[in-house]
Amino acid sequence: MKPLILVLNGPNLNLLGAREPTQYGHETLADLAQSCAASAQQLGLDIEFRQTNHEGELIDWIHAARGRCSGILINPGAWTHTSVAIRDALVACELPVIEVHLSNVHKREPFRHLSFVSSIAIGVICGLGTQGYRSALSYFGQLFHEDAA
């Protein structure tokens, strides 16, 4: 059975490709889901790709991943800087987490420099656009195939 990676996207990412394309690029969320699925297949991974604008729904998905998934790739969007509840859910699920951001949050407004997720993640990727997702999946592929060897 292939390792299952839960790919979670927070608020406003449903507008990817249309919202601030100079900051976030022209690729849509559907395009990103498709490229992540292709990358996962090449890496011997399965993924579930989800997006929500509702914090409680994201937390429910994280809770449901416990014991079912092998890892979580998360772009919490604005909740990165505000949600202790998402951080606590990620800790409680006891899975490796990689935090991804399309833009380089450290080159943006000071409030974006704070992340409640970074300190509990095994890695953080920011500023690489959608390539950051594929890089995170590549790391998970390496991690789980090394563990199997």
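Trainee: How many aromatic pairs does a search of the whole structure find?
Mentor: The search turns up 1 aromatic pair. Rings of Phe, Tyr and Trp (its six-membered ring) pair if their centres lie within 6.5 Å; planes under 30 degrees apart count as stacked, over 60 as edge-to-face and the rest as tilted. The ring centres of F140 and F144 are 5.7 Å apart with planes at 10°, so this pair is stacked.

Trainee: What kind of model is this?
Mentor: This is a predicted model, where local features need pLDDT of at least 70, side-chain atom pairs count only at pLDDT 80 or more, and totals for chains, interfaces and linings use all residues. Residues are numbered from 1 along each chain as its sequence is written, and side-chain values use heavy atoms, with hydrogens and water left out.

Trainee: Are F140 and F144 buried or exposed?
Mentor: F140 is buried, and F144 is too. Buried means under 20% relative accessible area, exposed over 50%, partly exposed in between (1.4 Å probe, protein chains only).

Trainee: Which residues touch the most other members of the largest nonpolar core?
Mentor: That core has 21 residues, and I5, L45, L73, V100, Y133, L137 and F140 touch the most other members. The elements giving two or more residues to this core are β1 (4-9), α2 (29-43), β4 (97-101) and α5 (131-148). The largest share, 6 residues, comes from α5. A nonpolar core is a set of buried Ala, Val, Leu, Ile, Met, Phe, Trp, Tyr and Cys residues joined through side-chain atoms within 4.5 Å.

Trainee: What is L137 in contact with?
Mentor: Leaving aside neighbours within four places in sequence, L137 is in contact with I5, V7, C36, S39, L43, L45, I47 and L73. Contact means heavy atoms within 4.5 Å.

Trainee: New topic. How many residues of β1 are buried?
Mentor: 6 of its 6 residues are buried. L4, L6 and L8 point one way from β1, while I5, V7 and N9 point the other way.

Trainee: Why two ways?
Mentor: In a regular strand the side chains alternate between the two faces of the sheet.

Trainee: Which strands are joined to β1 by bridges?
Mentor: β1 is joined by 6 bridges to β2 (residues 46-51), and the two run parallel. Another 5 bridges join β1 to β3, also parallel. Two strands pair if DSSP finds at least two bridges between them. N9 stands opposite Q51 in β2, and V7 opposite L73 in β3.

Trainee: And salt bridges, what's the count?
Mentor: The count is 4 salt bridges. A salt bridge is a side-chain nitrogen of Lys or Arg within 4 Å of a carboxyl oxygen of Asp or Glu.

Trainee: Which residues are linked in a network?
Mentor: E48, R50 and R68 are linked in a network of salt bridges. R50 meets E48 at 2.8 Å, N to O, and E48 meets R68 at 2.7 Å, N to O. E48 lies in strand β2 and R68 in the loop between α3 (55-65) and β3, so the pair ties together parts 20 residues apart in sequence.

Trainee: Is E48 buried or partly exposed?
Mentor: E48 counts as partly exposed, at 22% relative accessibility.

Conventions: Helix = DSSP H or I, 4+ residues; strand = E, 2+ residues; numbered from the N terminus.
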